[in-house]
Amino acid sequence: MGPLKLVVDANILFTGLIGKGVTKALLFSDNLELFAPEFLFDELKEHKYRIESISSLSPKDIEQLVNKLEDTIKTIEKSEFEEFLDEANAIISDADDTEYLALSLSMNKCPIWSNDPHFKEQSAVQVFTTDELVEFLKTKKLF
């Protein structure tokens, strides 16, 4: 079995940048292959000052971590999953989550890693919270 493919949302990245724990370890795990819509890193940059104020990291450290995440997470252009946007929009109540869900649908319902409760309102795609992902990986002896 190769790495587990997951669509990862922005809140997971915020948690990984701000915290020191399990989320950061998972983000850089060789057992996960992470994907996200192309706007993900724009969203991170928009919240750069908030991340700096909440985390204990220097701006340089945050920049290095973001660069490392950009190398780790494969971003997918909207044109690659555009045809799934209407379906995703019909399934999920939060418009901010539509592109993540559409990307997942375009990747044969690739699971999503998110702690956002809106994702749990739909049943089209499997969703892992961080805790659920840790438990799943432990059962597979991957964490």
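Among contacts in the chain between residues at least 6 apart in sequence, 65% join residues at least 24 apart. This value, like the others reported here, was computed from a predicted model. Taken along the principal axes, the box filled by the C-alpha atoms is roughly 40 × 35 × 25 Å.

Of the 143 residues in the chain, 45% are buried. The accessible surface amounts to about 7700 Å², and carbon and sulfur atoms contribute 47% of it. The charged side chains comprise 15 positive and 27 negative ones, and a distance of 9 Å separates the centres of the two sets.

When residues up to four places away in sequence are left aside, Leu 4 touches Asn 31, Leu 32 and Glu 33, together with Leu 133, Phe 136 and Leu 137. Leu 133, Phe 136 and Leu 137, which are among these partners, fall within the range of helix H8, residues 130–139. Between Leu 4 and Asp 71, which stand 67 residues apart in sequence, the C-alpha to C-alpha distance is 17 Å.

Helix H1 covers residues 10–18, and its buried residues are Ala 10, Ile 12, Leu 13, Phe 14, Gly 16 and Leu 17. An α-helix has 3.6 residues a turn, so residues three or four places apart point the same way. The N-terminal end of H1 is capped by Asp 9, with a side-chain oxygen of this residue placed 3.2 Å from the backbone nitrogen of Asn 11.

Helix H5, formed by residues 59–72, contains Lys 68, whose relative accessibility of 47% places this lysine in the partly exposed class. The C-alpha atoms of Lys 68 and Met 107 are 24 Å apart, for a separation of 39 residues along the chain.

In helix H7, 8 of the 9 residues are buried, so this helix is largely enclosed by the rest of the structure. The buried residues of H7 are Thr 98, Glu 99, Tyr 100, Leu 101, Ala 102, Leu 103, Ser 104 and Leu 105. Just after H7, Asn 108 adopts a positive phi of about 55°, although this residue is not a glycine. Asn 108 belongs to the loop that runs between helix H7 (98–106) and strand E4 (112–113), and its relative accessibility of 73% means that this asparagine counts as exposed.

A positive phi is also found at Lys 141, a residue other than glycine, where the angle is near 60°. Lys 141 is located in the segment that follows helix H8, and this lysine is exposed, its relative accessible area being 72%.

Notes: Residues numbered from 1 in each chain as written. Predicted model: local features only at pLDDT ≥ 70, side-chain atom pairs only at ≥ 80, totals over all residues. Heavy atoms only, no water. Buried < 20%, exposed > 50% of the residue type's maximum accessible area, 1.4 Å probe, protein only. Contact = heavy atoms within 4.5 Å. Areas by Shrake-Rupley, 256 points an atom, 1.4 Å probe, with all protein chains shown as cover. Lys, Arg positive; Asp, Glu negative; His and termini not counted. Charge placed at Lys NZ, Arg CZ, Asp CG, Glu CD. Helix = DSSP H or I, 4+ residues; strand = E, 2+ residues; numbered from the N terminus. Polar contact = N/O pair within 3.5 Å; in protein donor to acceptor, adjacent residues only side chain to side chain.
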